[in-house]
Amino acid sequence: MNKKSKRYQEVAKLVNKSTVYSIDEAIALAKQTSTLKFDGTVETVFRLNLDPKKADQMLRGSIVLPSGTGKTQKILVITTIKESEAIDAGADIVGDKQMITRIQGGFLDFDIIIATPEVMPELGKIGKILGPKGLMPTAKLGTVTNDVAKAVNDVRKGKIEYRVDKNGNIHVILGKSSFSDSQLKTNYQAILNTLRKIKPATVKGAYIKNISISTTMGPGIKVAIEE
């Protein structure tokens, strides 16, 4: 077991592990525990009563956070018909099917791919490269689309993806430690409302088991599940 740093041990004293905090208290406390020399990320984990082995309970989707993410993502658009639209929308890299060959050769200097439908048969051939890295575009997440401008703008505004893991958890970013409390709370409420809307009908009993918030290299803070 790794020994925790002195910094971690000090900030961990601020958090009572047996206490479940209101979202306002949890956000304020999370910012107190962010004592790194850089602007840390604030994350939340929702532990849900889901069985990801059941198709209807394998939740996956995307949401544009109202307050943004505080992160700048490098966007690659692969298209043969919407190059100028992608450039005008502010995509960082725009290419056609030759870009797929570059990726096969090891080029991965981007954070997200947006693709138009006509290139997907070719893009599918490198699914083994993109899939494990979470980079494969899909229509469900809005990253396979002919409306390239909207897709690029959504990412710039703060679009995030969420996906339940094998243990029924969903990990998502809330923003940066430098965000105001209200910005972080607005993002939190947007994510919570989204998860409640997509609750599978087959779930029996309590849907949300517990919620926690933490900052980069900081302790987890339990959050009350408020109706």
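Biologist: How much space lies in the largest pocket, and which residues lie nearest its centre?

Modeller: The general idea is that rolling a probe the size of a water molecule over the atoms shows where empty space is left. In this structure, which is a predicted model, about 690 Å³ of space lies in the largest pocket. Its lining is made up of 28 residues, and those nearest the centre are Gln73, Asp111, Gly134, Ile160 and Glu161.

Biologist: Which element gives the most to the lining of the largest pocket, and what is the lining like by class?

Modeller: At least two lining residues come from each of the strands β1 (41-48), β2 (60-64), β5 (112-115), β6 (159-163) and β7 (169-176), and β6 gives the most, with five residues. Sorted by class, the lining of the pocket holds ten nonpolar, ten polar and eight charged residues.

Biologist: Turning to the helices, which residues of α7 are buried, and how should I read their positions?

Modeller: The general idea is that an α-helix has 3.6 residues a turn, so residues three or four places apart point the same way. In α7, which spans residues 148-157, the buried residues are Val148, Ala151, Val152, Asp154 and Val155. Seen down the axis of α7, these buried residues fall within an arc of 160 degrees, so they line one face of the helix.

Biologist: What do the buried residues of α7 pack against, and what follows the helix?

Modeller: The buried residues of α7 pack against β2, β3 (75-78), α3 (83-89), β5 and β6. After α7 comes Gly158, which has a positive phi, near 125 degrees.

Biologist: Which residues touch the most other members of the largest nonpolar core, and which element gives the most to it?

Modeller: The largest nonpolar core has 35 residues, of which Phe46, Leu48, Ile170, Tyr188, Ile191, Tyr207 and Ile213 touch the most other members. Two or more residues of this core come from each of α2 (23-33), β1, β6, β7, α8 (181-197), β8 (208-215) and β9 (221-223), and α8 gives the most, with six residues. Apart from this core lies another, of 17 residues, among them Ala115, Met120, Ile126 and Val144.

Biologist: What does Tyr207 touch, beyond residues up to four places away in sequence?

Modeller: With those sequence neighbours not counted, Tyr207 touches Arg47, Leu48, Asn49, Leu50, Leu59, Leu195, Arg196, Ile198, Lys199 and Pro200.

Biologist: Is Ile23 buried or exposed, and what is it in contact with?

Modeller: Ile23, in helix α2, is buried, with a relative accessible area of 2%, where buried means under 20%. Leaving aside neighbours within four places in sequence, Ile23 is in contact with Lys185, Tyr188, Ile213, Val223 and Glu226. The C-alpha atoms of Ile23 and Ile170 are separated by 17 Å, the two residues being 147 residues apart along the chain.

Biologist: Where is Gln183 placed, and what is its relative accessible area?

Modeller: Gln183 is placed in helix α8, and this residue is partly exposed, with a relative accessible area of 32%. Between the C-alpha atoms of Gln183 and Ser22, which are 161 residues apart along the chain, the separation is 16 Å.

Definitions and conventions: Residues are numbered from 1 along each chain as its sequence is written. This is a predicted model: local features need pLDDT of at least 70, side-chain atom pairs count only at pLDDT 80 or more; totals for chains, interfaces and linings use all residues. Side-chain values use heavy atoms; hydrogens and water are left out. On a 1 Å grid over the protein atoms alone, a cavity is a set of points where a 1.4 Å probe fits but cannot get out, and a pocket is an open set with protein on both sides within 12 Å along at least five of seven lines; lining residues have an atom within 4 Å of a point. Grid points are joined across faces, edges and corners, and a volume is the space filled by probe spheres set on the points. Helices (H or I, at least four residues) and strands (E, at least two) are DSSP runs, numbered from the N terminus. Ala, Val, Leu, Ile, Met, Phe, Trp, Tyr, Cys and Pro count as nonpolar, Asp, Glu, Lys and Arg as charged, and the others, Gly among them, as polar. Buried means under 20% relative accessible area, exposed over 50%, partly exposed in between (1.4 Å probe, protein chains only). The arc is that of the directions from the helix axis to the C-beta atoms. Contact means heavy atoms within 4.5 Å. A nonpolar core is a set of buried Ala, Val, Leu, Ile, Met, Phe, Trp, Tyr and Cys residues joined through side-chain atoms within 4.5 Å.
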